[in-house]
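Please open the structure in your viewer and keep the sequence beside it, so that each selection can be followed in turn.

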Amino acid sequence: IAGVLVGVATLSIGAFDRSLRFETERLAQLLTLAREEALVRGAPIRLEADDERYRFAIWRDRRWQALIDDRDLRERAWERPTRIRIERADERPVVEFGRDQVDAPFLLHVERDGEQVTIVANGLGTFTLR
């Protein structure tokens, strides 16, 4: 009985804690995929986000268009209102991947309810959490 209760408690904490860290880990994985897609498709892909949701867009026909034909890079809602802040040496306010193998390094701060997790991008396709 005690084992079952511990298991249920662990599952409930895990389910409740679709935490900021969990969502930021998923976003880091999607950034890796977006970078690879930009290289494969030969077209820039950027992250677009607001407090309610985020998505990836591709540069086509001289404008940014949501990637609706990609099941992984589709629009996703944050579990709760979440804010992102981009910190780059070149001060550009966007996360965008092009056809280059090397990108500008950046920090992507993801904040919610007083908690913050940062994605550190080294410019070579590695995204780590801090």
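Predicted model: local features only at pLDDT ≥ 70, side-chain atom pairs only at ≥ 80, totals over all residues.

Residues are numbered from 1 along each chain as its sequence is written, and side-chain values use heavy atoms, with hydrogens and water left out.

Select Q116 in strand β8 (residues 115-121), strands being DSSP runs of E of at least two residues and helices runs of H or I of at least four, numbered from the N terminus. Q116 is partly exposed at 39% relative accessibility; buried means under 20% relative accessible area, exposed over 50%, and partly exposed in between (1.4 Å probe, protein chains only). The side chain of Q116 makes polar contacts of 3.3 Å with the side chain of H109 and with that of T118, a polar contact being a pair of N or O atoms within 3.5 Å, where within protein one must be able to donate a hydrogen and the other to accept it, and residues adjacent in sequence count only if both atoms are side-chain atoms.

Turn next to R21 and E25, which form a salt bridge with the closest N and O atoms 3.7 Å apart, the term meaning a side-chain nitrogen of Lys or Arg within 4 Å of a carboxyl oxygen of Asp or Glu. Because R21 and E25 are 4 residues apart in helix α2 (residues 20-41), about one helical turn separates them.

Finally, select R88 and D90, whose side chains meet in a salt bridge (2.8 Å, N to O); R88 is buried at 12% relative accessibility, whereas D90 is partly exposed at 39%.
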